[in-house]
Structure formats: structure tokens, C-alpha cells
Amino acid sequence: MSIGDKLAEIFKQFPGIGERQAKRFVYFLMAKNPAYVEEFGRLLAELKKETRRCKKCFRFFAENPGRSISAAGRDICDICADPNADEGILMVVEKDSDLESVRKSGSYAGKYFVLGGLVPIVEKETPKFVRIKELKERAKDPGLGEIILAFPLSPQGDHTDFYVRGELKGFKAKVTSLGRGLSTGTELEYSDDDTIKNALLNRQ
Ligand SMILES: [Zn+2]
């Protein structure tokens, strides 16, 4: 197998990328000058060194952007450590890119929790797929007044909403879900700021 074919195999595993797109990426890199491709390779090699996962919300963050993480570095990300972010409200999202979209929209000022996936509709061993144990631990926080579930508008997103609601029964915090005024299949990741703002205003 050529290096180009091996690279295409890797790109094919990226979210939302099919075989044809994967090959286009490889041809794109082949056509670039050596400095561009070297910089691309260098950044790839450094990515994991710069990044760690927050112990509180489980999102990835760069401790010192552009530099390697240190053994003595902090475990908690800038959002979790931010004293201005509302501790009384927690938004649960599927993945990091959803969190990023909500954060950029500027319409939410609370804390976050990255569940790490959605719950498959036909699956009995759910805890394998999502951080439900960690979420329940977090939900014990007596200062927490509301937990907002912000999953995609899809059958799997709805199923995850239903499952997490069930698991959070009996906790003090009120559990709400984002407003469903959006069209079916909408993902937070691709929603514009106004859509996110409205979904938040219309949560129930
Ligand atoms: Zn965090």
C-alpha cells in the first residue's frame, strides 16, 4: 500500500469524511509545497503534547497554547476555572465541537459537561459509551440548580436525552432540554448563534 493510500485510509476515519473526500485530501497534500506539508506533519505530532482532558468537564484544552503540557500543570480547563461562569447551571453536550459552538454563540454563561458520545438505541451496556457515572457524580453538587441537556435533534439524540433524564431522576437539579424549534437532524456543531440562542431561550 502506498503512503498516499495509507493516508487516505486515515482521512476516511475522520467524522463525516467518505472515501472520495479522503482521496481529495491526499491529492491536495501532494500538490502542496514541502514546507506546507512539513508544517502539517509537525503540528500533528505536537497536537497530543499540547492537549489534556479537563478532569471536571472532560473537554480537551491546551494548557499553554503552543507548548507541551507539564507534569505539574493544571487539570482543570479555563471554563471550569472561570469564576465568572455560573456554577449553578450545567450544560451537557455530546462532544467538544458542540461545546465550542455554544461557547462562541455567547448566549450561555454556565458550566459544561462533555458526555463523550450518544447512547445507541439498541444497546444494553450504555455506560461503555458515555460518561454517565461521571455526570451523576457531578450532579451531586448541591449548588447545581439546573442541568441542560443539549443533544442533537436526531433519533439517537432523543434517545440519549431520554436515557440521561432517567439517570438524573432524584437529583436536586432541574433537568431541561434545548428548545426543539429547529428542523430535524440539526446538530449544535453546525447551528448558528441565533439558533443556539433561541434553543436556549426555549428550553423546557
Ligand atoms: Zn473543564
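Predicted model: local features only at pLDDT ≥ 70, side-chain atom pairs only at ≥ 80, totals over all residues.
So, "buried" here means under 20% relative accessible area, "exposed" means over 50%, and "partly exposed" is in between, with a 1.4 Å probe and protein chains only. Hold on to that one, since it comes back a lot. Helices (H or I, at least four residues) and strands (E, at least two) are DSSP runs, numbered from the N terminus.

Five of the five residues of β4 are buried, so the strand is largely enclosed by the rest of the structure.

Residues are numbered from 1 along each chain as its sequence is written, and side-chain values use heavy atoms, with hydrogens and water left out.

Okay, the overall picture. The protein chain has eight helices and six strands, and along the sequence they come as α-α-α-β-β-α-β-α-β-α-β-α-β-α. Along the principal axes, the C-alpha atoms fill a box of roughly 55 × 40 × 35 Å. There are 204 residues in the protein chain, and 38% of them count as buried. The accessible surface is about 12400 Å², with 55% of that belonging to carbon and sulfur atoms; such areas come from the Shrake-Rupley method with a 1.4 Å probe, and for residues only the protein chains shown count as cover.

I'll also be saying "contact", meaning heavy atoms within 4.5 Å. Among contacts in the protein chain with a separation of 6 or more, 53% are between residues 24 or more positions apart.

Back to β4 and its neighbour. Strands β3 and β4 run parallel, joined by five bridges; two strands pair if DSSP finds at least two bridges between them. Which residue of β4 is the bridge partner of aspartate 86? That's glycine 110. As for β3, six of its eight residues are buried, so β3 too is largely enclosed by the rest of the structure.

Glycine 88 sits in strand β3 and is buried, at 18% relative accessible area. Skipping neighbours within four places in sequence, glycine 88 is in contact with Gly143, Leu144, Gly145 and Glu146. Look at glycine 145 in particular: glycine 88 and glycine 145 are 57 residues apart in sequence, but their C-alpha atoms are 5.1 Å apart in space.

Now the inside. A nonpolar core is a set of buried Ala, Val, Leu, Ile, Met, Phe, Trp, Tyr and Cys residues joined through side-chain atoms within 4.5 Å. Which members of the 21-residue largest core touch the most other members? Met91 and Tyr108 do. At least two residues of this core come from each of α4 (78–81), β3 (86–93), α5 (96–105), β4 (110–114), β5 (146–150) and α8 (193–201). Apart from this core lies another one of 20 residues, including Leu115 and Val175.

Click on methionine 91 and, leaving aside neighbours within four places in sequence, you'll find it in contact with several residues, including Val102, Tyr108, Ile148 and Leu200.

In α5 there's also serine 101, which counts as buried at 13% relative accessibility. Not counting residues up to four places away in sequence, serine 101 touches Leu188, Glu189 and Ile196.

Next, the zinc ion. Its protein donors are the SG atoms of Cys54, Cys57, Cys77 and Cys80, lying 2.3 Å from the zinc ion. Donors are N, O and S atoms within 2.8 Å of the metal (3.2 Å for Na, K and Ca), and since water is not among the atoms, sites may look incomplete. Why is the arrangement called tetrahedral? Because the four donor atoms subtend angles of 106 to 115 degrees around the zinc ion, and four donors count as tetrahedral if all angles lie between 85 and 135 degrees. The sequence spacing of the donor residues is C-x2-C-x19-C-x2-C. Cysteine 54 is in the loop between β1 (51–53) and β2 (60–62) and cysteine 80 is in helix α4, so this pair ties together parts that are 26 residues apart in sequence. Both cysteine 54 and cysteine 80 are buried.

Most residues other than glycine have a negative phi. Phenylalanine 58 has a positive one, near 70 degrees, and at 16% relative accessibility counts as buried.

Technical notes
Tetrahedral: all angles 85-135°; square planar, octahedral: opposite > 155°, others 65-115°.
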